[in-house]
Amino acid sequence: MTIEEFEEFYAQAAGRLTGQLYVMLGDHHEAQDVVQEAFVRGWGRRRQLDRDGRPEAWIRTVAWRLAVSRWRGRRRTADAWQRTAPAGHVEGPGPEAVALVEALRQLPLKQRRTMALHYVCDLSVEQIAAETSLSASTVKTHLSRGRATLSRHLQDPRIEEAPDA
């Protein structure tokens, strides 16, 4: 991949990947950080990325692994993170997005990632299996259970169920 091709790839994929990682992680700033770091790492491997034919999947996987690595580091240094000052005012996401991300947080990590890869990244079951090293049947199970859990968490309480006749 030439410099120009990589820059074009970045321009086309950075926003999409950030959105995908936001859904997986539930933290927009973290998603931005790990996607940027993944692109930095991809820059040094741009010739290999071209040969792979799947540079977006590679960047997404690297970003995911960076996020997991950061979680582990934060767990060890939780006290230091609690001492940081709060961020300034930033316009937050709408209520629907907040409800969805909160519902996604209720899912186990592997289910959440699988749901995001399928519904946000639009990957097939086989592609998810290849990217996550899970079997296709496990991916299907995660999707089924994730949908059921989200259905329960996202029901509108204003809508009453019809009485059984």
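1. In H2, the buried residues are Glu 30, Ala 31, Val 34, Val 35, Ala 38, Phe 39 and Gly 42, where buried means under 20% relative accessible area, exposed over 50% and partly exposed in between, computed with a 1.4 Å probe on protein chains only. They cover an arc of only 165 degrees around the axis, which puts them on the same side of H2; the arc is that of the directions from the helix axis to the C-beta atoms. The face of H2 turned away from this buried side carries the exposed residues Val 40 and Gly 44.

2. This is a predicted model, in which local features need pLDDT of at least 70 and side-chain atom pairs count only at pLDDT 80 or more, while totals for chains, interfaces and linings use all residues. Residues are numbered from 1 along each chain as its sequence is written, and side-chain values use heavy atoms, with hydrogens and water left out.

3. Helix H2 comprises residues 28-44, and at 1.5 Å a residue its 17 residues should span 24 Å, which agrees with the 25 Å between its end C-alpha atoms. The expected span of a helix is here 1.5 Å times one less than its number of residues.

4. As for the chain overall, there are nine helices and zero strands, and the pattern read along the sequence is α-α-α-α-α-α-α-α-α. Helices (H or I, at least four residues) and strands (E, at least two) are DSSP runs, numbered from the N terminus. Buried residues make up 36% of the 165 residues in the chain. Of the contacts between residues at least 6 apart in sequence, 67% join residues at least 24 apart, contact meaning heavy atoms within 4.5 Å.

5. Arg 65 lies in helix H4, which covers residues 55-76, and counts as exposed at 55% relative accessibility. The C-alpha atoms of Arg 65 and Val 34 are separated by 8.7 Å, although these residues are 31 apart along the chain; Val 34 is itself one of the buried residues of H2.

6. Pro 93 is placed in the loop between helix H5 (78-82) and H6, and is partly exposed, with a relative accessible area of 49%. Leaving aside residues up to four places away in sequence, Pro 93 touches Tyr 22 and Val 98. The C-alpha atoms of Pro 93 and His 28, 65 residues apart along the chain, are separated by 9.8 Å.

7. H8 contributes Val 125, Ile 128 and Ala 129 to the contact, and H9 contributes Ala 136, Val 139, Lys 140 and Leu 143.

8. H9 has 18 residues and reaches 26 Å from its first C-alpha to its last, close to the 26 Å expected at 1.5 Å a residue. Which residues of H9 are buried? They are Val 139, His 142, Leu 143, Gly 146, Thr 149 and Leu 150, and seen down the axis of H9 they fall within an arc of 140 degrees, so they line one face of the helix. What covers these buried residues includes helix H6 (95-105), helix H7 (109-120) and H8. On the other side of H9, Lys 140, Arg 145 and Arg 152 are exposed.

9. Two residues other than glycine have positive phi values and deserve a look. Asp 122, in the loop between H7 and H8, has a phi near 60 degrees and is exposed, with a relative accessible area of 65%. Ser 133, found in the loop between H8 and H9, likewise has a phi near 60 degrees and counts as exposed at 69% relative accessibility.
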